[in-house]
Amino acid sequence: PGERIRMRRRHRVAGDAVRDVDVTSSAVLLGGRRIFHSIIHDVSAEVEAQRALRRYEARLAHAMTASNDGFFDCDLVTGAVFYSERWAGMLGYDRAELEPSAATWQGLMHPDDLVVVREPFARLARGDSDTYTHEVRFRQRDGSWRWILCRARIVERDESGMPLRLAGTHM
């Protein structure tokens, strides 16, 4: 008694419907007899939601691959940034080589362009604007400059309407 076994299975129910279930089973003593006790929990909705999420993620990945754009997702509170492999690759880097912070893109952007984009980014941070589109130069790994079209949008706000997250693409 006491050892639990947990598993996820497909289970046929009345009417020949098949459901996804989590089963937790254990042996228990009841009246001096050892019996096997199982609890079955229907998780079909959760499993279908996970499948739908995987399909959506695959579609998004295909769209990003087809567009050949890089993607970034910036936490405006902490300054942490996710850079996609393509974002880094278009500049000659592996994503693992880039610090996941706003300082990375600021350090790679041409100094003249950095001055130009400060005000549009300040408008985003203040909540005065939702979108940003600008062509700027980024330094590639080999030291040369590449023109990049950056498009971004505020994708999350706090309760008072202040921007929390910015996501966008580089082309």
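Author: Let us begin with strands and their pairing. Helices (H or I, at least four residues) and strands (E, at least two) are DSSP runs, numbered from the N terminus. Two strands pair if DSSP finds at least two bridges between them. The model is a predicted one, in which local features need pLDDT of at least 70 and side-chain atom pairs count only at pLDDT 80 or more, while totals for chains, interfaces and linings use all residues. Residues are numbered from 1 along each chain as its sequence is written, and side-chain values use heavy atoms, with hydrogens and water left out.

Reader: In what order do the five strands of the open sheet lie?

Author: The order is β5-β4-β8-β7-β6, with antiparallel pairing. At the edges are β5 (81–83) and β6 (131–139), each of which pairs on one side only. Between β7 (residues 145–157) and β8 (residues 163–170) there are seven bridges; R153 has A167 in β8 as its bridge partner.

Reader: Which strands does helix α4 lie across?

Author: Two conventions are needed here. Contact means heavy atoms within 4.5 Å. Axes are lines fitted to C-alpha atoms, for helices over the stretch in contact, and angles run from 0 to 180 degrees between N-to-C directions. Helix α4 (residues 111–126) lies across β6, β7 and β8, and runs at about 155° to β6.

Reader: How is a pair of aromatic rings described?

Author: Such a pair is described by the distance of the centres and the angle of the planes. Rings of Phe, Tyr and Trp (its six-membered ring) pair if their centres lie within 6.5 Å; planes under 30 degrees apart count as stacked, over 60 as edge-to-face and the rest as tilted. This structure holds five aromatic pairs. The ring centres of F121 and Y132 are 4.5 Å apart and their planes are at 45°, so this pair is tilted. F121 belongs to helix α4 and Y132 to strand β6, eleven residues apart.

Reader: Are F121 and Y132 buried or exposed?

Author: Buried means under 20% relative accessible area, exposed over 50%, partly exposed in between (1.4 Å probe, protein chains only). Both F121 and Y132 are buried.

Reader: Why does E3 count as exposed?

Author: E3 counts as exposed because its relative accessibility is 62%. E3 is placed in the segment before β1 (4–12). Not counting residues up to four places away in sequence, E3 touches S25, S26 and A27.
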